[in-house]
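This briefing goes through a few local features of one protein model. Please look over the sequence and the structure before reading the points below.

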Amino acid sequence: MTLRYMPDAGRLYGDEYARDPQAVYADLRRRHGPVAPVEIAPGIEAHLVIGYRAAVDVLTNAGGVWSKNPTDWQTRLPATPEAAGMIAMLGHRPSALFSDGAEHARYRKVASDCFALVQPHKLRQMVIDVSDSLITQFAAKGEADLAADFARPIPLRVFNLLFGRPDSDSVGLSKALSDMMEADGEVGARGSDEFSRYIGELIQAKYAQRGDDLTSWFIDHPAGLEGDELVQAVVLVLAAGFEPTSNLISNTISRMVSDDRYYSSLSNGALSTYDALMEALRAEPAMANFGPYFVRQPLHFHGTWIQPAELVLVSYAAANTEPANIPEELRSDGGAYLGFGAGPHRCPVSDPAVLIAMTAIERLTSHLCDLELTVPREELLWRPGPFHRALAHLPVRFTPIRPDQPGESPWIAQPPSSLTPSEQTSPMRSVGYVTSAPWSS
C-alpha cells in the first residue's frame, strides 16, 4: 500500500535529488511545512519530517504514539522490485531498530554492553593499521579517490575484524552492503541476500568456535539472543556501522579539503578534524533520511494527518539545516545535532563511530598534508538513494610519498592483511583487546 496519492510528493531518488537534496527539502518546506509527502522509490510514498521540532517530537516519542514496528506497512506494499528494495532496508526484523519498550531495551543492551568491552585506544590502533594499509596503496601515486580507496574500506574492514572475520572477507561484504543501501529494486534485494549469507556463515563459525570478538560476545550475552534475534543484532551493527561511518569520513574530508578554515595546510588550519566532523553531521549527515516510524493511531502532527501503516521518515539533513530561530542549546545534541538521532533510539555506539572517523582522517592528513580536490566541491558526484548522503567519488591530488622517504610513513605500520589467519579471525587478541566478557568468565 502507498500513501493516499499526492501528486506533489517530492522525489527522494534520481540524479536531481542526489545532486542537490537541500533544494528538494527547501521546496518541500515551502509547499508543505514541517512534514511533507515524498516518494522514496517509484510508487512507494512516505511522510518526511523536515522540521527540527517535529523531528525531535518523533525521535523522543512525544505523546507516546510513535512505534518502530513496520509490519502493517510492509504487508500492504505492492509486489514490485521497488517494494522489495524498501523492505530490504525497512522491513520488520527482531532487532533494536524495529522494536519498542522492553523489547527494544533488551536488544539495545546487547550492543551497548558488548561495545563497552572494546577499549578505545585499541580500536584507535586498529583503525591506524587499516588506514595505513590503505594509504600505502595510493600514497606514491599522487592522486586517489578517497571515497573508494579510503573512506569506504575503513569501517567495513574494522567492523569485519571486530566481528571476528578475516580481513579478506571484507570485499564481498562491502559490495552487499552498498547494494542494500542503494535500495534499487533487484539490486537492493540481491545485496540483502548476499549480506544474509555473510552473516549466516559468520554466526555458524562462531557457534562452532568462540573467539575474542563481538559475535562471540553477542552469542554469550545474558540477554540470550537466539536464532534470528542474534542474526539481526549482528546485521544491525554491521549495516549501521559501515555505511554511515564511511559517508561520515568522506563527507568530512570533502569539507576539509575545500574549506581553508579546516585544511589549507596541515600546519595552519584554524579548525580541527572534530569541528569538521560536527559540521558534516549537521549539514550533511551520513544518513540523511531514515529513522522509520509509524503511529499507533491516527495523528494530526504538525499540520499533517498521519494514519497507521503509513511510513514516516525523519530527515536529519533537512531538520538540522532548517532556517529557524532555534536556540543552539536545543539543536546541539552534544555537538552532533541530530546526526546520530535522539531519544531512546539514538545510536548507542556513536562514540566508536566518531573515533573511527577522526582517527582515519587524522591518519590520512598526517601522511598527506597537501590534499586538494581535483574538481570543485560543487561538481562532486553523489550516489543516488533516499536514505544516505554519500559521495560516489572523492578525487584528490597530493605530493606523492615513497616507502624510502625519511620520517614516519604508512609503510611503517603492519597492514592487517599481513596477519596470520588465526590472528585475522581474533582481532581482539592480536591488538590487545579485552579477551573475555564478564558474563562468560
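A polar contact is a pair of N or O atoms within 3.5 Å, and within protein one of the two must be able to donate a hydrogen and the other to accept it. The model discussed here is predicted.

- E243 is found in helix α13, which spans residues 228-256.
- The side chain of E243 makes a polar contact with the side chain of H388, at 3.4 Å.
- Buried means under 20% relative accessible area. E243 has 1% relative accessibility and therefore counts as buried.
- Q232 also has its place in helix α13.
- With a relative accessibility of 9%, Q232 counts as buried.
- Leaving aside residues up to four places away in sequence, Q232 touches R93, P94 and S95.

**The pair α7 and α18**

- Two packed helices are described by the angle between their axes and the distance between the axes.
- For helix α7 (residues 120-135) and helix α18 (residues 350-367), the axes come within 9 Å and cross at roughly 40°.
- Angles under 35 degrees count as roughly parallel, and 65 to 115 as roughly perpendicular. The helices α7 and α18 are therefore oblique to each other.
- The crossing in which α7 passes α18 is right-handed.
- On the α7 side, the contact is made by P120, L123, R124, V127, I128, S131, D132 and I135. On the α18 side, P352, L355, I356, T359, A360, R363, L364 and H367 take part.
- Sorted by class, the contact of α7 with α18 has ten nonpolar, three polar and three charged residues.

**A147 in helix α8**

- A147 lies in helix α8, which covers residues 147-151.
- The relative accessibility of A147 is 2%, so A147 counts as buried.
- Not counting residues up to four places away in sequence, A147 touches R152, P153, L391, A392, H393 and L394.
- A147 and I253 are 106 residues apart in sequence, and their C-alpha atoms are 9.4 Å apart in space.

**Helix α9 and the residue after it**

- How many of the ten residues of helix α9 (residues 153-162) are buried? Ten of the ten are, so α9 is largely enclosed by the rest of the structure.
- The buried residues of α9 include P153, R157, F159 and N160.
- Just after α9, G164 takes a positive phi of about 90°.

Notes: Residues are numbered from 1 along each chain as its sequence is written. This is a predicted model: local features need pLDDT of at least 70, side-chain atom pairs count only at pLDDT 80 or more; totals for chains, interfaces and linings use all residues. Side-chain values use heavy atoms; hydrogens and water are left out. Axes are lines fitted to C-alpha atoms, for helices over the stretch in contact, and angles run from 0 to 180 degrees between N-to-C directions. Helices (H or I, at least four residues) and strands (E, at least two) are DSSP runs, numbered from the N terminus. Angles under 35 degrees count as roughly parallel, over 145 as roughly antiparallel, 65 to 115 as roughly perpendicular and the rest as oblique. A crossing is left-handed if the near helix is turned anticlockwise from the far one by less than a right angle, and right-handed if clockwise. Contact means heavy atoms within 4.5 Å. Ala, Val, Leu, Ile, Met, Phe, Trp, Tyr, Cys and Pro count as nonpolar, Asp, Glu, Lys and Arg as charged, and the others, Gly among them, as polar. Buried means under 20% relative accessible area, exposed over 50%, partly exposed in between (1.4 Å probe, protein chains only).
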